[in-house]
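Hi,

Here is the structure I promised to pass on. Have a look at it first, and my notes follow below.

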Amino acid sequence: MSVRLLSVWCLLLGPLVWLGCNGSGGTSGGAPSADEIVIGHYAAMSGAQATFGQSTDNGIRLALEEINAAGGVNGKKLRLITYDDKGDTKEAGAAVTRLITRDKVVAVLGEVASSLSLAGAPVCQEHGVPMITPSSTNPQVTQVGDKIFRVCFIDPFQGYVTAKYIRELPTPVSRVAILYDQANAYSVGLAQEFEKALTRLGGTITTRQTYSEGDQDFSAQLTAIRGSNPEMVFIPGYYSDVGNIALQARKLGITVPLFGGDGWTSPRLTEIAGSALEGCFFSEHYSQEDPNPKIQNFVRKYAEKYGSKPDGLAALGYDAARLLADAMTRARSLSGDDLAAAIAATRDFDGVTGTFSIDADRNAVKPAVILKIVNGQVRYEATVTPESP
Ligand code: PHE
């Protein structure tokens with residue numbers, strides 16, 4: 001086969017179907033049959049954000065399995081099609097286009113990363129197909145239009161949560177350095193929101209340093225941070241970079257705690273960082289240690305199916321899929337307009353990440369938790385509720 005033919009072939013194949021082997025819900029493409037409702041999911045199943053997509057997909061599939069076992073939605077079974085966008089914005093847009101135009105999904109779940117949701121959301125909005133991001137926290141995502149929703153809190157709240165937490169420690173923290181990913185909408189936005197909240201609460205920023213996803217050498221930034229003499233370092237990034245940054249920070253003699261946001265969530269975080277993150281903490285959407293029977297029941301069922309405990313992304317994926325199915329049962333039809341109206345009307349949804357309503361801006365209003373790394377384990381530390389900052 002000539003090179004040219006080969007590349008045409010690759011183009012035709014488009015984003016690869018994620019061939020998971022989780023059984024339920026199915027993974028294959030193809031037009032929907034009369035007795036099923038097809039839902040799309042676009043996610044990073046491989047690459048530097050791989051555990052984001054894998055955990056979310058697991059959570060979604062567990063929810064769909066339960067819903068289908070209980071009879072489905074209005075007598076129809078839900079089928080999930082997941083495409084791997086590899087954490088790439090172009091792939092994310094192409095995956096959503098394919099889900100809508102080829103697979104004819106009635107709704108789209110995803111993405112995790114705000115930058116990727118910002119690539120997929122305009123495609124959903126343009127085609128009038130509702131999208132629910134389980135976990136993108138940048139405010140701009142749902143501002144794309146009236147078909148775009150989320151089941152997580154947003155970064156102005158998340159930034160406030162971490163600032164409030166460190167200001168209310170027994171020895172309040174005042175001087176904080178920030179190191180953020182300059183090419184990542186989430187990281188840039190959360191850095192700004194944290195700084196706003198911290199200065200409002202009486203703290204100061206000692207220095208702002210930047211990196212780009214995948215960088216290997218952080219010594220220039222970390223040397224500047226060390227020289228600014230902070231009491232803590234805020235790193236609103238994703239787990240793979242954060243792990244490397246932590247290792248290098250300790251080598252350079254930075255001993256103060258590092259902390260961050262939900263982007264730290266991954267079973268890989270402490271594998272990469274070893275003991276470099278001991279005593280460090282981050283804000284999250286839920287804790288698997290929550291004694292609430294509803295949450296423990298979810299943790300047990302997830303562990304039975306997948307052999308590991310669900311992280312925050314698995315919990316948000318589970319809630320997003322269940323909220324979507326709930327809206328389908330209330331919707332006048334599964335047209336984009338009717339389904340979006342039913343999602344928008346969701347009140348007091350009983351999720352594993354809390355009981356929450358969808359507000360006028362299509363966001364979820366709910367508490368956050370602080371998790372702390374103790375003996376290499378991620379442990380529950382505190383809950384912060386969304387009273388007005
Ligand atoms: N909130 C992050 C973003 O918007 C994504 C994320 C959510 C990552 C939860 C991990 C856990 O990019």
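This is a predicted model: local features need pLDDT of at least 70, side-chain atom pairs count only at pLDDT 80 or more; totals for chains, interfaces and linings use all residues.

Helix α2 is mostly covered, with 16 of its 20 residues buried. End to end, from first C-alpha to last, α2 reaches 29 Å, close to the 28 Å expected at 1.5 Å a residue. Just after the helix comes Gly71, which takes a positive phi of about 110 degrees.

What packs on α2? One partner is helix α12 (residues 312-330), whose axis comes within 7 Å of that of α2 and crosses at roughly 40 degrees. The crossing of α2 and α12 is right-handed. On the α2 side the contact uses Phe52, Ser55, Thr56, Gly59, Ile60, Leu62, Ala63, Leu64, Glu66 and Ile67, and these meet Leu313, Ala314, Gly317, Tyr318, Ala321, Arg322 and Ala325 of α12. Sorted by class, the contact of α2 with α12 has eleven nonpolar, four polar and two charged residues.

If you look down the residue numbers in that contact, a bit of helix geometry is handy: an α-helix has 3.6 residues a turn, so residues three or four places apart point the same way.

Another partner of α2 is helix α11 (residues 293-306), and here the axes are 11 Å apart at an angle of about 105 degrees. The two helices are therefore roughly perpendicular to each other. From α2 the contact takes in Ser55, Asn58, Gly59, Arg61, Leu62, Glu65 and Glu66, and from α11 it takes in Phe298, Lys301, Tyr302, Lys305 and Tyr306. By class, the contact of α2 with α11 divides into four nonpolar, three polar and five charged residues. Ser55 and Glu66 of α2 are among the residues listed for α12 and also among those listed for α11.

Next, α3 and α4. Helix α3 (residues 89-101) packs against α4 at an angle of about 30 degrees, with the axes 8 Å apart. They are therefore roughly parallel to each other, and their crossing is right-handed. Thr89, Ala92, Gly93, Val96, Thr97, Ile100 and Thr101 of α3 meet Ser115, Leu116, Ala119, Gly120, Val123, Cys124 and His127 of α4. The contact of α3 with α4 has seven nonpolar, seven polar and no charged residues.

Where is the cis peptide bond? It joins Gly110 and Glu111, with omega about -15 degrees. Glu111 sits in the loop between β3 (107-109) and α4 (114-127). Is Glu111 buried or exposed? At 2% relative accessibility, Glu111 counts as buried, because the cut-off is under 20%. Leaving aside neighbours within four places in sequence, Glu111 is in contact with Tyr42, Ala43, Ala44, Asp85, Leu116, Ser117, Met131, Thr133, Pro134, Ser135 and Ser136. Ser136 is 25 residues from Glu111 along the chain, and the C-alpha atoms of the two are separated by 6.8 Å.

Two residues other than glycine have a positive phi worth a look:

- Asn74 has phi near 50 degrees. Asn74 lies in the loop between α2 (50-69) and β2 (77-84) and is exposed, with a relative accessible area of 59%.
- Arg362 has phi near 65 degrees. Arg362 lies in the loop between β12 (354-356) and β13 (368-374) and is buried, with a relative accessible area of 18%.

Last stop, helix α6 (residues 155-167), where Thr162 is found. Thr162 is buried at a relative accessible area of 1%. Not counting residues up to four places away in sequence, Thr162 touches Phe194, Phe234, Phe259, Gly260 and Ser283. Tyr160 and Leu201 are 41 residues apart in sequence and 9.2 Å apart in space, C-alpha to C-alpha.

Cheers

Technical notes
Residues are numbered from 1 along each chain as its sequence is written. Side-chain values use heavy atoms; hydrogens and water are left out. Helices (H or I, at least four residues) and strands (E, at least two) are DSSP runs, numbered from the N terminus. Buried means under 20% relative accessible area, exposed over 50%, partly exposed in between (1.4 Å probe, protein chains only). The expected span of a helix is 1.5 Å times one less than its number of residues. Axes are lines fitted to C-alpha atoms, for helices over the stretch in contact, and angles run from 0 to 180 degrees between N-to-C directions. A crossing is left-handed if the near helix is turned anticlockwise from the far one by less than a right angle, and right-handed if clockwise. Contact means heavy atoms within 4.5 Å. Ala, Val, Leu, Ile, Met, Phe, Trp, Tyr, Cys and Pro count as nonpolar, Asp, Glu, Lys and Arg as charged, and the others, Gly among them, as polar. Angles under 35 degrees count as roughly parallel, over 145 as roughly antiparallel, 65 to 115 as roughly perpendicular and the rest as oblique.
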